[in-house]
Amino acid sequence: MHHPSDHTVLVLATSFLDQPVTAHPEAGAARALLEETAAGSDGAVTIRYRCDRNPATELTAAELTGITAIIADLERYPEGLLHEVGPAGGGALRIICRYGVGTDSVDVPAATRAGVMVTNTPGCNSLPTAEWAVTTLLDVAGRRIVHHERAAAGNPKIGPSRLDITGKRLGVVGTGQIGRRVVELLSGFQLDVVASDPYPNHEWAQAHGVRYVSLDELIDESDFITLHAAHREQMIGVREVARFRPDTVLINCARWVLVDNRAVYHAVREGRMYGYGVDETWTEPDLPLAGLNIATSPHVGSDTDSGKINMQLATARQVVQFLAGQTPDNLLNPETLQRK
Ligand SMILES: NC(=O)c1ccc[n+]([C@@H]2O[C@H](COP(=O)([O-])OP(=O)(O)OC[C@H]3O[C@@H](n4cnc5c(N)ncnc54)[C@H](O)[C@@H]3O)[C@@H](O)[C@H]2O)c1
C-alpha cells in the first residue's frame with residue numbers, strides 16, 4: 001500500500017549498469033549512497049533499478065505508478081505524462097534528476113506546471129566532453145576515419161594530405177564550461193583563438209589570448225570551428241557552409257540541431273570543406289558516410305569513467321537531498337518549491 005511518506009526511487013540512467021574500465025576510487029559510490037539511504041529509512045525508501053530499459057522506448061504512466069523520484073536517462077517526459085504522474089494529476093512523482101546537462105528530453109515548463117522538480121548535472125562532464133571535441137578535431141584534421149577504412153581493408157592511402165594543426169586559427173562558438181576547456185586543452189598547439197558568445201567571458205579571454213568576434217567573422221577567419229553553444233536552433237546552415245574553405249574543419253560535440261548536417265555532408269563530399277566531426281548517431285540513411293572525412297559517434301562525449309561516476313553521484317545526491325526535504329542541487333524550476 002502506498003503511503004504518502006513512502007518514497008520509491010526509480011533509477012533509469014543506463015550508466016549505473018556499467019563496469020568502470022579504470023580503478024576509479026568512487027566507482028559504485030552512487031549506488032552505495034542510495035542503498036544506505038534506503039537502509040536507514042526504516043522501509044520508507046525503496047530503490048528500484050531499471051537501467052536496462054531502452055531510453056528510446058516511450059515511457060508510460062503505468063511504469064511510473066508510485067514512483068516519487070527518478071534518475072533519468074534520455075527517455076522523454078512530455079506534458080501529458082508529466083501531468084498524469086505529477087502532483088497536479090494526483091500522481092506520486094515529485095522529482096526528475098536528469099543524468100546529464102541536456103534537458104531536451106524533459107518538458108521543463110510542463111513539469112513546473114505539474115509540480116515536478118527537475119534537476120540536471122552541469123559541469124560533471126565538461127572535461128570529458130572537451131577532451132572528446134579535441135580528439136575528434138585531431139581525428140578529422142588527420143583524416144583518421146578515411147585512413148582507417150582504407151588501411152583496415154588492406155588498401156594503401158589515397159587522397160589529400162592531412163592538415164597541419166599547430167599555429168592554425170580555431171573558432172570556438174560558445175565559451176561556457178566545455179568551450180573554455182577545449183581552448184585550454186589545445187594550448188600546446190599554439191592556435192590563434194577567436195570565439196563568439198552572446199555572454200563573453202572577457203577575463204578568461206584575456207588570460208588565454210582569445211578574441212571575441214561575431215559568428216560571421218568567426219566563420220570567415222577560422223580554420224577549425226568547434227561548436228559548444230547551449231543553443232537550440234541551427235547556427236551552421238547553407239549560408240554559413242557556403243563560406244567554408246576546402247581546408248575548413250567543423251566539430252559539433254554540442255547538439256545535432258546546431259548544424260544543417262545535409263549541407264555539411266555535401267560540402268565534405270564535394271571538397272568545399274575538409275571534414276566534419278559530430279558526436280551524434282548519423283540519422284541520414286540516404287547520405288552514406290563510407291569514404292568521407294566525417295567522424296560520428298553516438299553521443300559519447302561524456303562517457304569516461306569519471307564523467308559517468310560524477311553524474312551518477314550528482315544525481316544520487318540530488319535524490320538524497322530531496323528525500324531529506326532539502327532543495328536539491330541544480331534545481332531548474334525552483335517555482336515548484338513554492339507550490340508545496
Ligand atoms: N556530446 C556530449 O556528450 C555532451 C556532453 C555535455 C554537454 N554537451 C552539450 O554541449 C553544449 C555546451 O555545454 P556546456 O556545459 O559548455 O554549457 P554552458 O552552459 O557552460 O555553456 C554554453 C555557452 O554557450 C553560450 N551560448 C548560448 N547561445 C549561444 C549562441 N547563439 N552563440 C554562441 N554561444 C552561445 C552561452 O552563453 C554559454 O557561454 C550544450 O549544448 C550541451 O548540451 C554535449
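This is a predicted model: local features need pLDDT of at least 70, side-chain atom pairs count only at pLDDT 80 or more; totals for chains, interfaces and linings use all residues.
**Reading a sheet and a ligand shell**

Visitor: In what sense do strand 7 and strand 8 pair, and over how many bridges?

Guide: Two strands count as paired if there are at least two bridges between them. Here, strand 7 (residues 192-196) runs parallel to strand 8, and two bridges link them.

Visitor: What is the strand order in the open sheet?

Guide: Read across the seven strands and you get 8-7-6-9-10-11-12, with parallel pairing. Strand 8 (211-212) and strand 12 (294-296) are the edge strands, each pairing on one side only.

Visitor: Which strands does helix 4 touch?

Guide: Helix 4 (residues 126-141) packs on the sheet against strand 9 (224-227), strand 10 (249-252), strand 11 (275-278) and strand 12. Its direction makes about 150° with that of strand 10. Helix 10 (residues 261-269) packs on the sheet too, touching strands 10, 11 and 12, and its direction makes about 145° with that of strand 11.

Visitor: How many residues surround the ligand, and which are the closest?

Guide: There are 28, and the closest are G174, G176, I178, A229 and G301. Sort the shell by type and you find 10 nonpolar, 15 polar and three charged residues. Helix 6 gives the largest share, three residues.

Visitor: Why does the ligand lie between domain 1 and domain 2?

Guide: Look at who contributes to the shell: domain 1 (7-124 + 303-339) and domain 2 (126-296) both give residues to it, so the ligand lies between them.

Conventions
Residues are numbered from 1 along each chain as its sequence is written. Helices (H or I, at least four residues) and strands (E, at least two) are DSSP runs, numbered from the N terminus. Two residues are in contact if their C-beta atoms, placed from the backbone, lie within 7 Å. Axes are lines fitted to C-alpha atoms, for helices over the stretch in contact, and angles run from 0 to 180 degrees between N-to-C directions. A residue is near a molecule or strand if its C-beta atom, placed from the backbone, lies within 6 Å of it. Ala, Val, Leu, Ile, Met, Phe, Trp, Tyr, Cys and Pro count as nonpolar, Asp, Glu, Lys and Arg as charged, and the others, Gly among them, as polar. Domain bounds come from an automatic or database domain assignment.
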